[in-house]
Amino acid sequence: KLKVSNVKIDILKDRSIKIETYMDECGIPHIGVSYQFIEILRSEDNAKDILLYTIGHELAHIYYKDFNNIKRRRKISCFVHLVSYLFCILLFVVIKFSVGIEVILYLVLCLLIFQKLFFEVFCDQRYWYQIAELRADRLATQIYTGERMAFINFWKTYDEKIRSVENKENLIYSYYKKYIKVEAHPSMIVRMKLIEKRSKWYRWEYIEHILRIWKWRVTNKGWNGYDK
């Protein structure tokens, strides 16, 4: 359906649940599925649906060319930031000769606040990595029409188990993961809830995710949306 060709699927000798997409030295995309993941699926009634939805997600990364495009998207967002900043300066100069100084100060203050809130997230690579994950989630549900709730429930349960283990770690490392580490994957719980609500990706979700990240940061959930 995606017309993706020349892709290889490898079994990874990894003891953890791991599914990843990477490019080899020849530029051929590989989808790596850990042996442990396959073993866990053996006990699942809807193993095929879980596996194919998960592989569909990885194929979506290849389809969108996320390997190279994330850096390009970030560069474009930084350019937009620069242009908007120059526009604010120009607007300040134009208005300076037509209205009172108080109006100018209020306008500049509002624009600077907007610049801070919007572009601090929009120009961060973590934002674009997470957007790539959300878009891949949605495309996976379009190219495969299996038992979606089996896929959703599996990853929700897995995420809760992983977080229960990680929450036992020290607070310094927890802070590092939420605010400093380049976290490519947003909260799995949020991702699965979005898949339940929406069957495809909408352009307005770029703005929605900026607001979502700020909500996470204000409520001490960092960049990935986890409580701890």
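Trainee: Okay, which residues touch the most other members in the largest nonpolar core?
Mentor: Keep in mind that this is a predicted model. The largest nonpolar core has 20 residues, and Phe37, Ile50, Phe151, Phe154, Trp155 and Met192 touch the most other members.
Trainee: Which elements supply at least two residues of this core?
Mentor: Strand 3 (29-34) does, along with helix 1 (35-41), helix 2 (47-64), helix 6 (148-166) and helix 8 (188-197). Helix 6 gives the most, with five residues.
Trainee: And what is Met192 in contact with, leaving aside its neighbours within four places in sequence?
Mentor: Phe151, Ile152, Trp155 and Lys156. There's also a second, separate core of 18 residues, with Ile70, Phe118, Trp128 and Ile131 among them.
Trainee: New topic: where is His209?
Mentor: In helix 9, which covers residues 205-218.
Trainee: Is His209 buried or exposed?
Mentor: His209 counts as buried because its relative accessible area is 0%, and the cut-off for buried is under 20%.
Trainee: So what does the side chain of His209 make a polar contact with?
Mentor: With the side chain of Gln130, at 2.9 Å. Beyond its neighbours within four places in sequence, His209 is in contact with Tyr127, Gln130, Ile131, Leu134 and Trp216.
Trainee: How about Ser43, buried or exposed?
Mentor: Exposed, because its relative accessibility is 58% and exposed means over 50%. Ser43 sits in the loop between helix 1 and helix 2.
Trainee: What does its side chain reach?
Mentor: The side chain of Ser43 reaches the backbone oxygen of Ile40, at 2.9 Å.

Methods: Residues are numbered from 1 along each chain as its sequence is written. This is a predicted model: local features need pLDDT of at least 70, side-chain atom pairs count only at pLDDT 80 or more; totals for chains, interfaces and linings use all residues. Side-chain values use heavy atoms; hydrogens and water are left out. A nonpolar core is a set of buried Ala, Val, Leu, Ile, Met, Phe, Trp, Tyr and Cys residues joined through side-chain atoms within 4.5 Å. Buried means under 20% relative accessible area, exposed over 50%, partly exposed in between (1.4 Å probe, protein chains only). Helices (H or I, at least four residues) and strands (E, at least two) are DSSP runs, numbered from the N terminus. Contact means heavy atoms within 4.5 Å. A polar contact is a pair of N or O atoms within 3.5 Å; within protein, one must be able to donate a hydrogen and the other to accept it, and residues adjacent in sequence count only if both atoms are side-chain atoms.
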